[in-house]
Amino acid sequence: MPLAEAASAQSAFLLKDLDSAAVRDPESAAPLYPPRLQAQGIEGMAVVRFVVDSTGRVDLASFRLVEASHPLFVAAVRDALPKMKFHAAIMGSKRVRQLVEQPFLFLIVPPGTSPPVKTP
């Protein structure tokens with residue numbers, strides 16, 4: 001389903017319509033690396049779509065998988081979403097619902113090193 005159609009179906013705005021996009025709170029929960037995949041050295045990703053409501057919480061009924069390299073990465077993201085907190089999107093002076101398409105990367109970082117920095 002195209003993003004604009006999905007946003008309309010969810011009664012949520014797209015990034016292009018907003019003054020300020022929803023942003024994950026740095027203190028928010030994050031998905032846990034699936035232990036089985038980590039033990040096997042398997043890295044991967046899950047790209048998901050969901051609505052962040054005007055309070056900064058995820059509307060769990062809006063969750064949709066876009067793409068994933070393994071079902072356990074999807075499960076890890078789905079398990080974390082109820083505990084995640086965002087700064088809500090802003091349109092004008094109001095907090096609004098936003099349809100977010102978010103990639104979650106699962107990378108194994110050797111002890112004593114920093115994760116790679118991804119630049120746009």
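Predicted model: local features only at pLDDT ≥ 70, side-chain atom pairs only at ≥ 80, totals over all residues.

Biologist: What share of the contacts join residues at least 24 apart?
Modeller: That's 76%, taken among contacts between residues at least 6 apart in sequence.

Biologist: Let's switch to arginine 49. Buried or exposed?
Modeller: Arginine 49 is buried, because its relative accessible area is 14%, and the cut-off for buried is under 20%. This residue sits in strand β2, which covers residues 44-52.

Biologist: Which side chain does arginine 49 make a polar contact with?
Modeller: With the side chain of glutamate 101, at 2.8 Å.

Biologist: What else is in β2?
Modeller: Methionine 45, for one, has its place in that strand. Leaving out residues up to four places away in sequence, methionine 45 touches Glu67, Ala68, Ser69, Phe73, Phe104, Leu105 and Phe106.

Biologist: How far is methionine 45 from valine 74?
Modeller: In sequence they're 29 residues apart, and in space it's 8.2 Å from C-alpha to C-alpha.

Biologist: Leu105 came up in that list of methionine 45 contacts. Where else does Leu105 turn up?
Modeller: In a nonpolar surface patch of about 230 Å², which Leu105 makes together with Leu107 and Val109.

Biologist: Where is valine 109, and how accessible is it?
Modeller: Valine 109 is in the segment after β7, the strand spanning 98-106. Its relative accessibility is 33%, so valine 109 counts as partly exposed; that class runs between the 20% and 50% cut-offs.

Biologist: Last one: serine 62. Which strand is it in?
Modeller: Serine 62 is in strand β3, residues 58-68. Its relative accessibility is 1%, so serine 62 counts as buried.

Biologist: And what does the side chain of serine 62 reach?
Modeller: The backbone oxygen of aspartate 59, at 2.5 Å.

Biologist: Great, thanks!

Methods
Residues numbered from 1 in each chain as written. Heavy atoms only, no water. Contact = heavy atoms within 4.5 Å. Helix = DSSP H or I, 4+ residues; strand = E, 2+ residues; numbered from the N terminus. Buried < 20%, exposed > 50% of the residue type's maximum accessible area, 1.4 Å probe, protein only. Polar contact = N/O pair within 3.5 Å; in protein donor to acceptor, adjacent residues only side chain to side chain. Patch = residues over 30% accessible without salt bridge, like charges linked within 9 Å, V, L, I, M, F, W, Y side chains within 5 Å. Areas by Shrake-Rupley, 256 points an atom, 1.4 Å probe, with all protein chains shown as cover. Salt bridge = Lys/Arg side-chain N within 4 Å of Asp/Glu carboxyl O.
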